[in-house]
Amino acid sequence: MTVFLVLGIAGLVLLALSLVLDGVLEGLFGGAGVLEGLFDGLLSLPVVAGFVSMLGFGGAIVLGTTGLGAVPATVAGSCAGAGAGWLTLKLTRALMRDQTAATPRGADLVGTTGSVVTAIPADGYGEVLLRLGGQPVKIAARSSAAVARGTEIWVDASLSPTSVTVRPVER
């Protein structure tokens with residue numbers, strides 16, 4: 001029973017280490033072309049940790065709750081470990097394929113409306129508050145004419161990712 005519990009705890013420790021030391025094994029063996037991609041699939045640290053912990057805890061449960069010996073407990077623990085390893089592999093692959101939305105650019109602000117936060121002098125810079133993806137964005141703005149604080153504006157062009165050209169909204 002002690003051996004199984006030690007295996008289960010070792011698997012949990014290995015899982016914690018895989019979270020903290022993510023990519024270290026790949027870095028250690030980075031120069032060896034033979035091992036390229038070896039730690040991405042079945043031999044990835046989370047998969048091995050899931051297998052070892054379920055082997056240990058599954059074997060301990062079978063050994064403690066039934067009258068069976070160490071061999072059936074090892075077989076049952078190995079089956080549970082294989083299932084945990086497979087689920088871990090599927091979960092990590094799904095998480096690695098997860099894509100985020102593209103990072104917004106200054107050009108994405110063209111055509112949006114907002115309001116002036118800091119007055120914009122003629123041919124000078126001020127600040128405007130815009131909404132991008134439902135989030136408020138405070139950005140530097142330039143205008144050919146002076147624009148007072150609180151004026152509703154329209155973004156004409158993007159000068160850079162952090163600066164736009166604006167004009168007052170005509171009513």
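Start by selecting Lys-138, which counts as exposed because its relative accessibility is 52%, over the 50% mark. Keep in mind during the tour that this is a predicted model.

Lys-138 and Glu-127 form a salt bridge, with 3.5 Å between the closest N and O atoms. The two residues belong to distant parts of the chain: Lys-138 sits in strand S3 (residues 135-143) and Glu-127 in strand S2 (residues 124-132), eleven residues apart. Glu-127 has a relative accessible area of 29%, so this residue is partly exposed.

Side chains of opposite charge can pair when their charged atoms come close. How many salt bridges does the count come to? The count is two.

For the other pair, select Arg-167 and Asp-156. Their closest N and O atoms are 2.9 Å apart, and the two residues form a salt bridge. This pair also links distant parts of the chain, with Arg-167 in strand S5 (residues 163-168) and Asp-156 in strand S4 (residues 152-160), eleven residues apart. Arg-167 is partly exposed at a relative accessible area of 36%. Asp-156 is partly exposed as well, at 35%.

Next, leave the strands and turn to the helices. Select helix H1 (residues 2-20) together with H3; their axes come within 7 Å and cross at roughly 155°. Because of that angle, H1 is roughly antiparallel to H3. The crossing of H1 and H3 is left-handed.

To see what lies between these two helices, show the side chains of the contact. On H1, the residues making the contact include Phe-4, Leu-5, Ile-9, Leu-12 and Leu-15. On H3, among the contact residues are Leu-45, Val-48, Val-52, Leu-55, Phe-57 and Leu-63. Gly-8 and Gly-11 of H1 also take part, as do Gly-56 and Gly-59 of H3. Which classes of residue make up the contact of H1 with H3? Sorted by class, there are 16 nonpolar residues, six polar ones and no charged ones.

The axes of H3 and H4 come within 6 Å and cross at roughly 150°. Is the crossing of H3 and H4 left-handed or right-handed? H3 and H4 cross in a right-handed way. Their contact has 15 nonpolar residues, ten polar residues and no charged residues.

Technical notes: Residues numbered from 1 in each chain as written. Predicted model: local features only at pLDDT ≥ 70, side-chain atom pairs only at ≥ 80, totals over all residues. Heavy atoms only, no water. Axes fitted to C-alpha atoms, helices over the stretch in contact; angles between N-to-C directions. Helix = DSSP H or I, 4+ residues; strand = E, 2+ residues; numbered from the N terminus. Left-handed = near helix turned anticlockwise from the far one by under 90°. Nonpolar A, V, L, I, M, F, W, Y, C, P; charged D, E, K, R; others polar. Salt bridge = Lys/Arg side-chain N within 4 Å of Asp/Glu carboxyl O. Buried < 20%, exposed > 50% of the residue type's maximum accessible area, 1.4 Å probe, protein only. Parallel < 35°, antiparallel > 145°, perpendicular 65-115°, else oblique. Contact = heavy atoms within 4.5 Å.
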